[in-house]
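Hi everyone, thanks for coming.

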Amino acid sequence: MTVLVEDESGVPLERANVTARAEMPLHGHASSEAISVTDVGAGEYELYPITFTMPGHWQVVVEVAARDLAGGGTFEYEVE
Amino acid sequence: MKRFAVAVACCFAFLLARETVASPCCVSATHGGVGRLAPWEDAAVSLSQSVAEGLGRWDTDGDFQPYTDFSEREWRTSAAALVGFHRRALAYAIVPWLVTERSSGDLADTGAGLADVELGVRYQWLDFGETPSFPALALVLGLTAPTGRDPSAARGTLASDATGRGAWVPEGGIQLELARRSWFVRLNAMGTVPLPMTRGDTGEAQRFGPGVASSVVGGSGFLRDRLVLSASTRLRIESSLHVEGRPLPGSSQRRLGVGVQGSLALAEHWTLLANGETDLVADGLGRNAPAQLGVGLGVRYGFF
């Protein structure tokens with residue numbers, strides 16, 4: 001999974017501090033595998049591995065900190 | 001042996017005195033809930049093995065979603081002990097060991113470990129026949145300890161080595177039992193209040209919602225009560241998960257299932273135990289919970 005990180009004006013943010021985790025929010029637990037984040041340039045960050053350990057509702061939560069900016073996003077998945 | 005004889009004599013005297021209650025003291029001891037000691041027993045230990053196959057899960061809307069490219073099988077070995085420390089009271093401990101096999105697509109993962117240990121006490125507030133118009137009543141107080149590995153600490157690819165929930169769970173409830181000759185009906189109703197925990201991965205304060213676990217077991221003894229068969233239904237409800245003190249919308253859980261149990265007195269001290277149970281896999285009968293079909297076999301030894 002690759003995410004593009006931009007500031008509010010749409011400028012890609014390079015060398016940001018990006019962390020991510022996969023979790024089942026309604027069950028209150030995360031995936032057993034931590035997600036590694038690789039900066040591939042131009043504001044893009046590759047998240048790997050993302051393992052959904054069982055069927056159900058999952059979220060990939062991405063948190064970003066860069067310079068004086070902080071933000072993030074949540075990606076929803078329904079795993080069959 | 002002498003104590004056994006005395007106990008049996010007491011039982012017979014009781015039967016003669018109260019015709020409508022044949023052998024309630026003995027028939028249902030191993031059926032439903034925590035179980036209890038027969039009147040002549042000082043303690044009992046049991047060892048059981050069960051296997052449960054994952055059938056699917058209920059989603060947040062209560063719709064049942066059968067597993068398609070995913071399988072889950074749980075092998076549970078449980079050692080249990082009941083120790084009487086008062087004429088009306090016993091302490092119990094259940095120590096489970098869990099082996100989980102999961103596969104999803106090309107991935108397969110097997111994990112094992114000690115699961116969450118249960119400890120508690122059971123007090124027989126009203127015994128059978130003690131008051132003519134009221135059923136036998138027992139109070140149960142228990143505590144589940146987070147001795148298993150919670151999902152955040154699991155390391156297997158499919159988290160098969162997760163064997164617990166990671167929270168201390170005090171629980172309390174009642175057992176009401178009606179008996180007539182060899183027939184019995186028992187209601188178990190337990191409330192659970194999980195204590196707050198800190199998630200290992202995020203550091204967030206998390207608390208599983210309070211819940212209710214109830215079951216109704218009805219059965220009868222056959223072959224002079226050496227064989228006891230029963231059927232049961234159970235309902236588990238858990239209210240919303242709280243994260244950092246706030247309830248998480250849509251996170252409450254519900255499971256409804258049925259089961260059958262059997263016990264056969266093999267010898268003076270030994271009882272063979274068997275059971276089968278399944279969640280009722282229909283839309284609306286569960287929520288945010290897995291559904292399983294399982295069978296189990298065990299033996300119980302009574303000390304007297």
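Buried here means under 20% relative accessible area, while exposed means over 50% and partly exposed is in between, with a 1.4 Å probe and protein chains only.

Before I go on, some housekeeping. This is a predicted model, so local features need pLDDT of at least 70 and side-chain atom pairs count only at pLDDT 80 or more, whereas totals for chains, interfaces and linings use all residues. Residues are numbered from 1 along each chain as its sequence is written, chains are lettered from A and ligands numbered from 1 in the order in which they are written, and side-chain values use heavy atoms, with hydrogens and water left out.

Okay, aromatic rings. A pair of rings is described by the distance of the centres and the angle of the planes. The rule is that rings of Phe, Tyr and Trp (its six-membered ring) pair if their centres lie within 6.5 Å; planes under 30 degrees apart are stacked, over 60 edge-to-face, and the rest tilted. How many aromatic pairs does that give over all chains? The count comes to 7. Take A:Phe52 and A:Trp58: the ring centres are 5.2 Å apart and the planes sit at 45 degrees, so this pair is tilted. Now back to B:Trp58 and B:Phe64, where the centres are 5.7 Å apart and the planes at 65 degrees, so that pair is edge-to-face.

Staying with the chain A rings, A:Trp58 has 0% relative accessibility and counts as buried, while A:Phe52, at 23%, counts as partly exposed. Ring pairs also bring in A:Tyr77, linking A:Phe52, A:Trp58 and A:Tyr77 into a cluster.

So what does chain A look like overall? It has 0 helices and 7 strands. On terms: helices (H or I, at least four residues) and strands (E, at least two) are DSSP runs, numbered from the N terminus. Of the 80 residues of chain A, 41% count as buried, and the C-alpha trace spans about 35 × 20 × 20 Å along its principal axes.

Four of those strands make an open sheet in the order S3-S2-S6-S7, with antiparallel pairing. The edges are strand S3 (29-30) and strand S7 (69-79) of chain A, each pairing on one side only. Two strands pair, by the way, if DSSP finds at least two bridges between them. Strand S6 (residues 56-66) of chain A and S7(A) are joined by 11 bridges in the antiparallel sense, and across them A:Val62 has A:Gly73 as its bridge partner.

Most residues other than glycine have a negative phi, and most peptide bonds are trans. In chain A, a cis peptide bond joins A:Tyr48 and A:Pro49, with omega about -10 degrees. A:Pro49 is in the loop between strand S5 (44-48) and S6 of chain A. Over in chain B, B:Leu223 has a positive phi, near 55 degrees. Where is B:Leu223 found? Look in the loop between strand S12 (211-222) and strand S13 (227-238) of chain B. B:Leu223 is exposed, with a relative accessible area of 56%.

B:Glu244 also has a positive phi, near 50 degrees. This residue is in the loop between S14 and S15 of chain B, and with a relative accessible area of 41% B:Glu244 is partly exposed.

Those two strands belong to an open sheet of 4 strands in chain B, ordered S10-S11-S14-S15 and antiparallel. Strand S10 (197-198) and strand S15 (246-247) of chain B are at the edges with a single partner strand each, so one side of each has no neighbour in the sheet.

Elsewhere in chain B, strand S1 (residues 43-58) and strand S18 (residues 289-303) pair in the antiparallel sense over 15 bridges.

Last stop, the interface. 19 residues of chain A are in contact with 27 residues of chain B, contact meaning heavy atoms within 4.5 Å. In chain A, A:Leu26, A:Ser32 and A:Pro55 lose the most area to chain B, together 33% of what that side buries.

Conventions:
Buried area is the accessible area (1.4 Å probe) that two parts lose on being put together, summed over both.
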